[in-house]
Amino acid sequence: KHAVIIDCDPGTDDTIALVMALASEALDVKAVTTVAGNQTADKTALNGLKIVSYLKKEIPVAKGADKPIMRPLVTAEHVHGETGLGPVTLPEPSIEGLDTPAWDLFYQLSAAKNEKIHLITLGPLSNVAIALMKYPQLRDYITHITMMGGSMGYGNDTPAAEYNIYADPEAARMVFEAGIPITMVGLDCTHQAWLTREEIDTIEAPEGSGAWLAKAMMNHIHAFATNYGFPGAVMHDPSAVAAVIDPTLIETKDYYVAVETKGKHTTGKTVVDVMGVTKKPANVAVAVGIDRERFVQLVQELMKA
Ligand code: BDR
Ligand code: CA
């Protein structure tokens, strides 16, 4: 089993990703940490607790940053709704969050125990940046970061930038420069990972199940994404989790990637050196494609678990 921590901002698609990760036999989820992003820090933290309680898992949940490291928070309420969970109202959580902040928990679950960890990030990178500032030795214990974020091409929150990087570009820049191997599951990949109406409909979703929760989110995203012209519900965060469960699902290319923090029109853009003009060594495996059919199969299987 692959030991992972999931840092997220639930979030409709984060919720699906959590349902998948917690159902997967391939992953040993050591903790779920939350960050301000799609909604405020209080809301994403509460949602994290609600989701883990609903799934009846005993996994530590810790809250992280209240806002990006150098900027005010820009939420994505227009996508994820007032609570952050779109159309779903979950019961109050039956577990409590840890008092330990996310960055201290990263340290406690890895360096402090001399254990390596794979970090999956599904939101802005504020918690990871704070962790790296406070505990530089984490570079040797976080063996890999698989992130949903960034784009080689166009953006979704601005014409140039993808939301998770745009929301905290200074944090993203620190993470990209940290020397930790990164797999960037950005829009180039996730925009190819959609679930059609029929594919969503085949998912059996008894009330109270993880599948029920995920399917409600899929239906919500389906309406939103098809409005934008996609053939189905685009699965951003689930693609990153899927890429850790089965790395053969995605195709990656190694590139040098920098994060724009000062652009007039391009702040938050992940600038990918496709032609190798900077001569800098690659720091990121950029996901450029996904085997959509096998991705859908994986999602459908995990919904039965
Ligand atoms: C990313 O932004 C968020 O709104 C989603 O949860 C996902 O992590 C997609 O750009
Ligand atoms: Ca997210």
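Q: Where does Lys-56 lie?
A: Lys-56 sits in the loop that runs between helix 2 (41-54) and strand 3 (61-63). Helices (H or I, at least four residues) and strands (E, at least two) are DSSP runs, numbered from the N terminus.

Q: Before going on, what kind of model is this?
A: This is a predicted model, in which local features need pLDDT of at least 70 and side-chain atom pairs count only at pLDDT 80 or more, while totals for chains, interfaces and linings use all residues. Residues are numbered from 1 along each chain as its sequence is written, and chains are lettered from A and ligands numbered from 1 in the order in which they are written.

Q: What is the mean pLDDT of the chain?
A: The mean is 98, and 100% of the residues reach 70 or more; pLDDT is the predictor's confidence in each residue, from 0 to 100. The model scores are ipTM 0.99 and pTM 0.98.

Q: Back to Lys-56: what is its phi?
A: Phi of Lys-56 is near 55°, a positive value in a residue other than glycine. Most residues other than glycine have a negative phi.

Q: Is Lys-56 buried or exposed?
A: Lys-56 is exposed, because 11 other C-beta atoms lie within 10 Å. The cut-offs are 20 or more other C-beta atoms within 10 Å for buried, 12 or fewer for exposed, and partly exposed in between, with C-beta atoms placed from the backbone.

Q: And what about the phi of Asn-114?
A: Asn-114, which is not a glycine, has a positive phi of about 60°. Asn-114 belongs to the loop between helix 4 and strand 4 (117-121), and it is exposed, with 8 other C-beta atoms within 10 Å.

Q: Which residues does the cis peptide bond join?
A: The cis bond joins Pro-10 and Gly-11, with omega about -15°. Gly-11 is in the loop between strand 1 (2-8) and helix 1.

Q: Which residues come nearest to ligand 1?
A: Gly-11, Asp-13, Ala-76, Tyr-163 and His-236 come nearest, out of 15 residues around the ligand. A residue counts as near if its C-beta atom, placed from the backbone, lies within 6 Å of the molecule.

Q: New topic: how many residues has the largest nonpolar core?
A: The largest core has 101 residues, and Ile-6 and Val-175 have the most contacts inside it. Helix 1 gives the largest share of this core, 8 residues. A nonpolar core is a set of buried Ala, Val, Leu, Ile, Met, Phe, Trp, Tyr and Cys residues joined through C-beta atoms within 7 Å.

Q: What does Ile-6 touch?
A: Not counting residues up to four places away in sequence, Ile-6 touches Leu-18, Ala-21, Val-29, Val-32, Ile-120 and Leu-122. Two residues are in contact if their C-beta atoms, placed from the backbone, lie within 7 Å.

Q: Why is helix 5 described as largely enclosed by the rest of the structure?
A: Of the 9 residues of helix 5 (residues 126-134), 7 are buried, so this helix is largely enclosed by the rest of the structure. The elements covering its buried residues include strand 1, strand 2 (27-34), helix 4, strand 4 and helix 7 (169-176). The buried residues are Ser-126, Asn-127, Val-128, Ala-129, Ile-130, Ala-131 and Leu-132.

Q: Is Ala-102 buried or exposed?
A: Ala-102 is buried, with 26 other C-beta atoms within 10 Å, and its place is in helix 4. Beyond residues up to four places away in sequence, Ala-102 touches Asp-7, Thr-33, Val-35, Ala-62, Lys-63, Gly-64 and Asn-127.

Q: And where is Pro-87 found?
A: Pro-87 is in the loop between helix 3 (77-80) and helix 4 (102-109), and it is exposed, with 12 other C-beta atoms within 10 Å. Pro-87 and Met-217 are 130 residues apart in sequence and 7.5 Å apart in space, C-alpha to C-alpha.
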